[in-house]
Amino acid sequence: MAFTDKDLQVMDSIINRYPRKRSAIMPLLHYAQSRDGFITSDGIETIAKKLDLETAEVSAVATFYTQYKRKPVGEYHVGVCTNTLCAVMGGDEIFAGLKDHLGIENDGVTADGKVSLEHIECNAACDFAPVVMANWEFYDNQTVQSAKDLVDSMRAGKPKAPTRGPDVLQNWKETSAVLAGINDGHANEGVQAGAPTLLGLNISKKGARG
Amino acid sequence: MTQLTPVLSAHWDEKDSFTIAGYKRHGGYDAAAKALKMEPDAVIQLVKDSGLRGRGGAGFPTGMKWGFIPQGDNKDHYLVVNADESEPGTCKDMPLLLANPHVLIEGCIIASYAIRAKYAFIYIRGEVTHVVRRVQQAIDDAYAAGHLGKNIFGSGVDLELVLHVGAGAYICGEETALLDSLEGFRGQPRLRPPFPAIAGLYARPTVVNNVESIASVPAIIAHGAEWFSSMGTEKSKGMTLYSLSGHVTNPGQFEAPLGITLRELLEISGGVRAGHQLKFWTPGGSSTPIFTSAHLDTPLDYEGVSAAGSMLGTKALQIFDETTCIVRAVLRWTEFYKHESCGKCTPCREGTWWLVQILRDLESGKGSEADLEKLLDLCDNIMGRSFCALGDGATSPITSSINYFREEYIAHLTHGGCPLDPHAATVFASAKAGV
Ligand SMILES: Cc1cc2nc3c(=O)[nH]c(=O)nc-3n(C[C@H](O)[C@H](O)[C@H](O)COP(=O)(O)O)c2cc1C
Ligand code: SF4
Ligand code: FES
């Protein structure tokens, strides 16, 4: 997909956030991903031109970071945390269960293009283990069954809502735009905190009341 | 018995805690207005007097770090907040930002004013979409309220604050790699000196601080240095977020004075999951040497944890009971370090690769006892010889686990593989047992 004039204007506004324009390379890559779904050669060339860089310089940055995808992912990209804590608490079983259920391997995409699967590292939600992320939204305290139900809901076109996130799961491209720093107006949706986050506070208040 | 002290978390139970209205209901942004009427140097002195130390892992005194920024040098200065939170087990900054992003923005205003920075950045990890939304919205609302931008609080001071979203690289939490990443390069650590205080972002004087460090500043301005230093221990002042995860009855966030013990935190929260015993735990993420039940009474402050042979780190208390295989746990962490090694230096790049090979053999029962010495030898060659602390951190789980659990490594060899059932360690197993 070629970038429209409006896309190029958005890119300029991203560049203008920074004192030096090269700093805009990461949000521009997120933005390019929001238009194309992954990092295309067109995306690389457009960014290089905007920033007065060689395409090789932009590629070198894009390939360093795992969130920039070199091939298409699903409309819903699912990550299962298999770092030690989540793995032990059930993440390994969830990941194996999803591979089996979807018939794909790590980094695979379902034939309908709806769901892709990846095992991920600790996502800063260990007190909600085992953790699954979809388009980088939190699905806390998962089981093998709840994770299968989640991907089924995606394939049926009605993805279940995140536990701590927007009311409706946004698709991969929409999510990438948020990561480029574009406010999609969903910030006020969802809980302010999950139960584990409030545990210490609640215990302290109970104690104070005697 | 040490009591919990919710300060940062005090209003997280209010549904709109993350909005500017919710924040202002409890005096939000009053501390910034107050600080902007003080002399910048007086703000630095107050933070020095409070005894606040960095909450990102190393515990460096925050006020002293601010004081290193040269003044009157006619150069641009920068504040960069480290919101990369990717150290395995660490899960405090993201819930903080989800529940109250404005406290970080207010901290940024105060810190930027103190170090005379007109530009500040929040570098947040990219795998947390809703946290990104919350912080972006909070920044937008703070601009609209006149708390960011030109002439903030009518003080004549300007401040631009930009949210910069990462893209999945643990090494970008290391402050100099973070700066390279923010400048638009691959995130690889820089040689130090020069330190960021002299030549940081764009080679200008820069302060890099953790989210929780900066978020602690508004309360210090509001209540004073003495209030803050009345909490904690002699050299570890104030309250902090402890994150309890794993095989406990109730995982979660606990804000307590520095120096509380794991025994106390377990007592307060409901203990290790029913019917099981504590086997090993990390005091501050996977890069901090593991502890066992022998360390239940170790004061969880910087000095106490160091004296017991580990590091306070990020206060990420990952709890594992007797169903957990130590070799599996350590292998998985080691695979993480191998994957996240940026490749810049040989000891870490090659060393973590070898560590994984040997640990895989040991886990599957194929290795020999001599492999344990080989592991320790490799760790010896990585520790202190790596370019940054990622390499050092990679050795922590290995050396500490061989120290405490050598027999379990050997049991894998005599048993021809892991003697434990991984399913027994899952949450599903305890749910089925009706516990
Ligand atoms: C591999 C590595 C990863 C790190 N990740 C983080 C991180 O995610 N967040 C953080 O605040 N500090 C992290 N640090 C520590 C930073 O380098 C730095 O010490 C810290 O941000 C300073 O802030 P403080 O003084 O407020 O603690 C990391 C260090 C290393 C070596
Ligand atoms: S220790 Fe590892 S992460 Fe750090 S510079 Fe060397 S290769 Fe990179
Ligand atoms: S280990 Fe899975 S979120 Fe931390």
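Two residues are in contact when heavy atoms of theirs lie within 4.5 Å. By that criterion, 63% of the contacts in chain A between residues at least 6 apart in sequence join residues at least 24 apart. The model described here is predicted.

**Chain A**

Chain A contains eight helices and four strands. Their order along the sequence is α-α-α-α-β-α-β-β-β-α-α-α. The C-alpha trace of chain A spans about 60 × 45 × 30 Å along its principal axes. Of the 210 residues in chain A, 59% are buried.

In soluble globular proteins, nonpolar side chains tend to be buried together. The largest nonpolar core of this model has 165 residues, and the members that touch the most others are A:Tyr65, B:Trp66, B:Leu97, B:Ile122 and B:Ile124. Helix 6 of chain B, residues 101-115, gives the most to this core, with ten residues.

**Helix 8 of chain B**

Helix 8 of chain B (residues 175-182) is mostly covered, with seven of its eight residues buried. The buried residues are B:Thr176, B:Ala177, B:Leu178, B:Leu179, B:Asp180, B:Ser181 and B:Leu182. Elements of both chains take part in covering them: the cover includes helix 2 (25-36) of chain A and, from chain B, strand 1 (78-83), strand 2 (119-124), strand 4 (157-165), helix 9 (196-199) and strand 5 (206-210). After helix 8 of chain B comes B:Gly184, which has a positive phi, near 100 degrees.

B:Gln137 belongs to helix 7 (residues 129-144) of chain B. B:Gln137 counts as buried because its relative accessibility, 17%, is under 20%. Apart from neighbours within four places in sequence, B:Gln137 is in contact with A:Asn183, A:Ala187 and A:Asn188.

B:Ala424 is placed in the loop between helix 18 (389-415) and helix 19 (427-432) of chain B. With a relative accessibility of 28%, B:Ala424 lies between the limits of 20% and 50% and therefore counts as partly exposed. Leaving aside neighbours within four places in sequence, the contacts of B:Ala424 are B:Arg273, B:Thr323 and B:Ala429.

The table gives a C-alpha pair for each of these residues.

| Residue pair | Separation in sequence | C-alpha to C-alpha distance |
|---|---|---|
| B:Gln137 and B:Thr19 | 118 residues | 8.7 Å |
| B:Ala424 and B:Thr324 | 100 residues | 8.2 Å |

**Ligand 2**

Ligand 2 sits in the largest cavity. Around ligand 2 there are 13 residues, the closest being B:Cys342, B:Lys344, B:Cys345, B:Cys348 and B:Cys388. Sorted by class, this shell comprises eight nonpolar residues, four polar residues and one charged residue.

Technical notes: Residues are numbered from 1 along each chain as its sequence is written. Chains are lettered from A and ligands numbered from 1 in the order in which they are written. This is a predicted model: local features need pLDDT of at least 70, side-chain atom pairs count only at pLDDT 80 or more; totals for chains, interfaces and linings use all residues. Side-chain values use heavy atoms; hydrogens and water are left out. A residue is near a molecule or strand if one of its heavy atoms lies within 4 Å of it. On a 1 Å grid over the protein atoms alone, a cavity is a set of points where a 1.4 Å probe fits but cannot get out, and a pocket is an open set with protein on both sides within 12 Å along at least five of seven lines; lining residues have an atom within 4 Å of a point. A molecule sits in a cavity or pocket if more than half of its atoms lie within 2 Å of its grid points. Ala, Val, Leu, Ile, Met, Phe, Trp, Tyr, Cys and Pro count as nonpolar, Asp, Glu, Lys and Arg as charged, and the others, Gly among them, as polar. A nonpolar core is a set of buried Ala, Val, Leu, Ile, Met, Phe, Trp, Tyr and Cys residues joined through side-chain atoms within 4.5 Å. Buried means under 20% relative accessible area, exposed over 50%, partly exposed in between (1.4 Å probe, protein chains only). Helices (H or I, at least four residues) and strands (E, at least two) are DSSP runs, numbered from the N terminus.
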